[in-house]
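Student: Could you take me through the salt bridges of this model, with a close look at the residues that form them and at the elements they sit in?

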Amino acid sequence: MRREYRVVIVEDEAVYSDALKDMLVRYEKDQNVSFNITTYRNVESFLAEYKNCYDIVFMDIELPGMNGMDGARRLRQIDPVVVLIFITNMAQFAVQGYEVNALDYILKPVTYKNFSLKLERAMNCINKNADKYIVVNGKNGITRMNTSDIIYIEVRGHHLFFHLSGKKEVDVCGALGKLSEELREFGFAQCNSCFLLNMKYIDVINAMSVVMTDGTELQISKRKRKDFLNEFSAYVGKNGGGR
């Protein structure tokens, strides 16, 4: 089953928005991929409805109201990882894209040859990093998280609480078992039945507890202790003990 990529076009001129959609449809047929396309005419409505689950954002720089560059700055506060490509007829503004970690820019009028090259680069970037992210459906909607930002996951009742770097927390309904297997390859291990922790954030391991770099002390259960210490030893051997 081929993956569906979620794409947003923020463009106030219908002629360019429609042209980009047509090129995405053509690329679908050429490369046997699938796109879920959403369009907006201004930055304000785009940001107001933004869901942290998109793969690519094509954004015009010259837009009514908030311009694309300011919109991109706001976007990065919400989603630091989504692939951003500017659409513009003024290259001098597009080169400022490094400030907001834009992958590239496309000059108007857009040709399919140029567009397909930029899109292919975006797709390669997405596919390269795909295994580093998980997508969860929390209280505040869909959230995409980089596994390296997760310090530990805590079970409370039927909820999972993701404790992230920067003192952020995401609340999700779910169970730890399946997630534990999914995250094992990224250096996660259970110290007891209630906590799944990212071993790169371990500061100190005591006899029956582990202290994380954020100061949180988590108990190591007798039942999990042997497996946990073995997993940590394997992790240190593989990663050289570095964070």
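Tutor: Happy to! The structure holds 14 salt bridges, a salt bridge being a side-chain nitrogen of Lys or Arg within 4 Å of a carboxyl oxygen of Asp or Glu. Please keep in mind that this is a predicted model, where local features need pLDDT of at least 70 and side-chain atom pairs count only at pLDDT 80 or more, while totals for chains, interfaces and linings use all residues. Residues are numbered from 1 along each chain as its sequence is written, and side-chain values use heavy atoms, leaving out hydrogens and water.

Let's begin with K108 and D60. Their closest N and O atoms are 3.3 Å apart in a salt bridge. K108 lies in the loop between β5 (104-107) and α5 (112-129) and D60 in strand β3, so the pair ties together parts that are 48 residues apart in sequence. Helices (H or I, at least four residues) and strands (E, at least two) are DSSP runs here, numbered from the N terminus. Strand β3 covers residues 56-60.

Both partners are buried: K108 has a relative accessible area of 12% and D60 one of 2%. Buried means under 20% relative accessible area, exposed over 50%, and partly exposed in between (1.4 Å probe, protein chains only).

The side chain of D60 also reaches the backbone nitrogen of E62, at 3.4 Å. That is a polar contact, meaning a pair of N or O atoms within 3.5 Å; within protein, one must be able to donate a hydrogen and the other to accept it, and residues adjacent in sequence count only if both atoms are side-chain atoms. Setting aside neighbours within four places in sequence, D60 is in contact (heavy atoms within 4.5 Å) with V10, E11, D12, G68, I87, T88 and K108.

At the start of α3, a side-chain oxygen of N67 comes to within 3.1 Å of the backbone nitrogen of M69.

Now for a salt bridge inside a helix. D30 and R26 meet through their side chains at 3.9 Å, N to O. Being four residues apart in helix α1 (residues 14-31), they are separated by about one helical turn. D30 is partly exposed, at 47%, and R26 is partly exposed too, at 46% relative accessibility.

Next come the strands. E169 and R156 form a salt bridge of 3.9 Å, N to O. This pair links distant parts of the chain, with E169 in strand β10 and R156 in strand β8 (residues 150-156), 13 residues apart. E169 is partly exposed, with a relative accessible area of 45%, and R156 counts as partly exposed at 38%. Finally, salt bridges that share partners join E11, E13, D60 and K108 into one network.

L160 has V172 in β10 as its bridge partner. The two strands form a hairpin with three residues between them, and G166 in the turn has a positive phi of about 85 degrees.

Key
Pairing = 2+ DSSP bridges.
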